[in-house]
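User: Could you show me how to read helix packing and sheet layout in a model like this one?

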Amino acid sequence: MKGRFLVFEGIDGCGKSTQINQLINWLPTSGLMPQNSVLHVTREPGGTALGNALRELLLHPPKEILPGSLSELLLYSADRAQHVLEVITPALENGDWIISDRFSGSTIAYQGYGRELNLDLILQLEKIATQGLVPDITFWLDLSVEESLDRRKNTNHDRIESEGATFLGRVANGFDVLAKERNWTRVPANLPKEVVAKKIKESLSIKITGKRISSNG
Ligand code: TYD
């Protein structure tokens, strides 16, 4: 594929959205992207119209349609299959760049480690839903469970966010394992957001060009 596929992962409250917003302001003028390539920002669940409908079902379902763990896994996988087909693959084939707020790592961490569903099954589903597509770079915003809960203590929680500290601890451990196994870029997320943004830009620059960025932006 001609484009580049960047992914942000991490537990709830780790600051993915803030960091993605910082990056989209900088990346198109950074000199890292080829001039004719476009930057797309997307998310899971919800990068497509079908995905947005699935997102509502997954995160804010009416009581009578609460999914069990296996259905939850299949719904996240369905969201991903559509996302890869409709959004990610066409953009990459076009030579564009894509930033996705979450990808298959989230399913391994949340449904595999968090819900404790069978990891082999999840890895098989990952291959099916992604059609073998692997991100070029995954940034893992590493935040402690305590900090995550503290940052979100005054916010409304969706269905997954309401699972509590034990569940979140398993998810955080899952991300830790995955980051090592898959050679993700770990970024400490408990620092001021400008510092986190700088670290992300620096490490992206090194990965793309092999050189450090000279600007302070
Ligand atoms: P997110 O968009 O990060 O939430 P918010 O917009 O509130 O910051 O993610 C939605 C939730 O879905 C989050 O709690 C993690 C969960 N999730 C899974 O459990 N499995 C998955 O495969 C994905 C992509 C997300």
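Predicted model: local features only at pLDDT ≥ 70, side-chain atom pairs only at ≥ 80, totals over all residues.

User: How do the axes of helix H1 and helix H8 cross?

Analyst: Axes are lines fitted to C-alpha atoms, for helices over the stretch in contact, with angles from 0 to 180 degrees between N-to-C directions. Helices (H or I, at least four residues) and strands (E, at least two) are DSSP runs, numbered from the N terminus. Here H1 (residues 16-26) and H8 (residues 193-209) have axes that come within 10 Å and cross at roughly 55 degrees. Residues are numbered from 1 along each chain as its sequence is written, and side-chain values use heavy atoms, leaving out hydrogens and water.

User: Which strand order does the open sheet have?

Analyst: Two strands pair if DSSP finds at least two bridges between them. This open sheet has five strands in the order E2-E3-E1-E4-E5, with parallel pairing. Strands E2 (39-43) and E5 (185-188) sit at the edges with a single partner strand each, so one side of each has no neighbour in the sheet. From one strand to the next, the twist averages 20 degrees.

User: And what packs on the sheet?

Analyst: Contact means heavy atoms within 4.5 Å. Helix H3 (residues 69-93) touches E1, E2 and E3, and its direction makes about 145 degrees with that of E3. H8 lies across E1, E3, E4 (137-142) and E5, at about 155 degrees to E4.
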